[in-house]
Amino acid sequence: ASSPCGLRWAPVGSISPGPVISALLADSVLIDADGSGLPSPGDTIRYALTITNRGTTPASGVTVSVPVDPSSELLIGSVVTSAGSVTSGNGVGDDSIAVAIGTISGVSSAEVRFDVLIPDPVPNASPQLSVQGTVASSSVSGVLTDVPAEPGIADPTVTRIVHTPAR
């Protein structure tokens, strides 16, 4: 669109001509070991990362890197991707994930999921897990993951741990 002065503009949320990558990382309780309904020691947390190319041209060489919070344990075999291949995260002793997505077509997305265990007891009685990854491509430098429920961009995904008293 153009203004009366001849300046070109694009509405907010519009599609861009080149690759434009966003990376949203959401968390949820997958297994609620104590039935509390809240993230607590012994629970399994699922992280779902949606990588979207809002541009009209493909983003090639897309890679994902996500270190897990040191107060959690990455569950072996839990890292899955809708595109490309998992290069790290499904092995014994892995404490981060890496995925080679490859190409994300224009105006499309890919998803990566992984699960972590909140150990019981939690090391150092940590009050939260904080996870933030990076998505890069051959044409877009590192884009930090962002939590969908928070305003702003590039916020880490924080899972508050509820420590219940021993019974």
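**Core, sheet and side-chain pairs**

Trainee: Leaving aside its neighbours within four places in sequence, with which residues is Ile 101 in contact?

Mentor: Contact means heavy atoms within 4.5 Å. With neighbours up to four places away in sequence left aside, the partners of Ile 101 are Ile 51, Val 62, Val 64, Thr 81, Ala 83, Gly 84, Ala 110 and Val 112.

Trainee: At which pLDDT do side-chain atom pairs count in this model?

Mentor: Residues are numbered from 1 along each chain as its sequence is written, and side-chain values use heavy atoms, with hydrogens and water left out. This is a predicted model: totals for chains, interfaces and linings use all residues, local features need pLDDT of at least 70, and side-chain atom pairs count only at pLDDT 80 or more.

Trainee: Which residues have the most contacts inside the largest nonpolar core?

Mentor: A nonpolar core is a set of buried Ala, Val, Leu, Ile, Met, Phe, Trp, Tyr and Cys residues joined through side-chain atoms within 4.5 Å. Buried means under 20% relative accessible area, exposed over 50%, and partly exposed in between (1.4 Å probe, protein chains only). The largest such core has 30 residues, and those with the most contacts inside it are Ile 51, Ile 101 and Phe 114.

Trainee: Which strands each supply at least two residues of this core?

Mentor: Strands are DSSP runs of E with at least two residues, numbered from the N terminus. Those that each supply at least two residues of the core are β1 (21-31), β2 (44-53), β3 (59-67), β7 (96-104), β8 (108-117) and β9 (128-131).

Trainee: Is Leu 49 buried or exposed?

Mentor: Leu 49 lies in strand β2. Not counting residues up to four places away in sequence, Leu 49 touches residues including Ala 23, Val 64, Ala 110 and Thr 145. The C-alpha atoms of Leu 49 and Ala 26 are separated by 6.5 Å, although these residues are 23 residues apart along the chain. At 0% relative accessibility, Leu 49 is classed as buried.

Trainee: Which strands form the edges of the open sheet of five strands?

Mentor: Two strands pair if DSSP finds at least two bridges between them. The open sheet has the order β6-β7-β3-β10-β11, with antiparallel pairing. Each edge strand pairs on one side only, and these strands are β6 (85-88) and β11.

Trainee: What is the bridge partner of Val 64 in β7?

Mentor: Strands β3 and β7 pair in the antiparallel sense over seven bridges. Across to β7, Val 64 has as its bridge partner Val 99.

Trainee: Why does the pair of Tyr 47 and Phe 114 count as stacked?

Mentor: Rings of Phe, Tyr and Trp (its six-membered ring) pair if their centres lie within 6.5 Å; planes under 30 degrees apart count as stacked, over 60 as edge-to-face and the rest as tilted. A search of the whole structure finds one aromatic pair. The ring centres of Tyr 47 and Phe 114 are 5.1 Å apart, and the pair is stacked because the planes stand at 20°.

Trainee: Which residue meets Arg 46 in a salt bridge?

Mentor: A salt bridge is a side-chain nitrogen of Lys or Arg within 4 Å of a carboxyl oxygen of Asp or Glu, and the structure holds two salt bridges. Arg 46 is partly exposed at 25% relative accessibility. At 2.8 Å, N to O, its side chain meets that of Asp 115.

Trainee: How far apart are the closest N and O atoms of Arg 113 and Glu 111?

Mentor: Arg 113 is partly exposed, with a relative accessible area of 32%, and Glu 111 is partly exposed at 30% relative accessibility. These residues form a salt bridge, with the closest N and O atoms at a distance of 3.5 Å.

Trainee: What is omega for the cis peptide bond that joins Asp 120 and Pro 121?

Mentor: Most peptide bonds are trans. Pro 121 is placed in the loop between β8 and β9. The bond joining Asp 120 and Pro 121 is cis, with omega at about 5°.

Key: Helix = DSSP H or I, 4+ residues; strand = E, 2+ residues; numbered from the N terminus.
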